[in-house]
Amino acid sequence: MVHSAVTTDPIDPTSVLERVGSPEDGATVLFLGIVRNHADGRSVTGMRYDAYIEMAEPVLAEIAHEAAARLGTERLAVIHRVGALDIGEVSVAIAVSSPHRAESFDASRYVIEEIKKRLPVWKQEHYTDEPARWVDGTVPPGTGGVRA
Amino acid sequence: MTLSVNALFFASYRDLVGTSHMAVELSPGATVSDLVAELRGRGAPFDTLPAEPAVAVNRTYAFLDEPLSADDEVAFIPPVAGG
């Protein structure tokens with residue numbers, strides 16, 4: 001079953017992995033997005049994720065179902081964390097499984113790339129010695145101007 | 001006769017305008033573009049919002065020419081940065 005969620009709780013990668021896999025599958029891919037301690041030469045102390053939660057949940061579900069269609073199985077789980085995260089914490093976890101590896105790598109990559117393109121989530125970097133800053137983002141498709 | 005919509009502001013836009021949501025009265029037949037013009041026309045701090053922002057109407061991305069109805073939820077969406 002395709003699973004997607006946006007949560008304020010810490011993500012346990014093992015529990016995400018447990019949502020996928022089957023005796024038919026020869027491949028499982030787990031992707032973890034992690035808060036790192038540097039950005040553009042600055043020293044980062046943490047990250048605050050903000051979301052339009054009522055929209056982020058259905059958009060993430062839509063991305064997950066699109067990826068599952070590419071994967072060819074329903075064995076896909078994605079969880080995105082919001083709130084204040086420390087260095088080393090997991091911001092997003094994507095687990096997928098399929099009979100062969102190509103589909104799992106492809107679906108996993110699709111989910112993270114689409115999250116970056118269109119999930120209504122923002123992150124604010126906090127630094128040791130300067131004010132926090134919203135990270136530059138991407139204008140989602142289907143908005144940001146007039147219809148083509 | 002006016003139509004009232006609920007404007008939402010997130011992340012950097014919330015910081016710019018100093019609020020997360022506000023009701024805005026528009027003329028019947030108004031579009032997203034009219035909402036943006038109405039807000040920016042109020043001057044500071046609303047004039048710091050982009051003239052052509054990304055928006056979502058009732059939780060679906062929409063263009064500036066999208067017509068609005070009473071009680072629509074119009075979110076101003078800064079460039080997204082999830083992951």
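**View 1. Helix 2 and helix 3 of chain A pack together.** Helix 2 (residues 53-71) of chain A packs against helix 3 (residues 101-118) of chain A at an angle of about 155 degrees, and their axes lie 9 Å apart. The model is predicted: local features need pLDDT of at least 70, side-chain atom pairs count only at pLDDT 80 or more, and totals for chains, interfaces and linings use all residues. Residues are numbered from 1 along each chain as its sequence is written, while chains are lettered from A and ligands numbered from 1 in the order in which they are written. Helices (H or I, at least four residues) and strands (E, at least two) are DSSP runs, numbered from the N terminus. Axes are lines fitted to C-alpha atoms, for helices over the stretch in contact; angles run from 0 to 180 degrees between N-to-C directions. Helix 2 and helix 3 of chain A are therefore roughly antiparallel (an angle over 145 degrees). Helix 2 of chain A passes helix 3 of chain A in a right-handed crossing (the near helix is turned clockwise from the far one by less than a right angle).

**View 2. Residues of helix 2 meet residues of helix 3 in chain A.** Contact means C-beta atoms, placed from the backbone, within 7 Å. From helix 2 of chain A, the residues involved include A:Val59, A:Ile63 and A:Leu71. Among those they meet in helix 3 of chain A are A:Ala107, A:Tyr110 and A:Ile115.

**View 3. Chain B holds an open sheet of five strands.** The strand order is 2-1-5-3-4, with mixed pairing. Strands pair if DSSP finds at least two bridges between them. Strand 2 (21-26) and strand 4 (60-62) of chain B are the edge strands, each pairing on one side only. From one strand to the next, the twist averages 35 degrees.

**View 4. Strand 3 meets strand 5 in chain B.** Strand 3 (residues 54-57) and strand 5 (residues 73-77) of chain B run antiparallel, joined by four bridges. B:Val57 has B:Val74 in strand 5 of chain B as its bridge partner.

**View 5. Helix 2 of chain B lies across the strands.** Helix 2 (residues 32-40) of chain B lies across strand 1 (3-9), strand 2, strand 3, strand 4 and strand 5 of chain B. This helix runs at about 110 degrees to strand 2 of chain B.

Definitions and conventions
Two residues are in contact if their C-beta atoms, placed from the backbone, lie within 7 Å. Angles under 35 degrees count as roughly parallel, over 145 as roughly antiparallel, 65 to 115 as roughly perpendicular and the rest as oblique.
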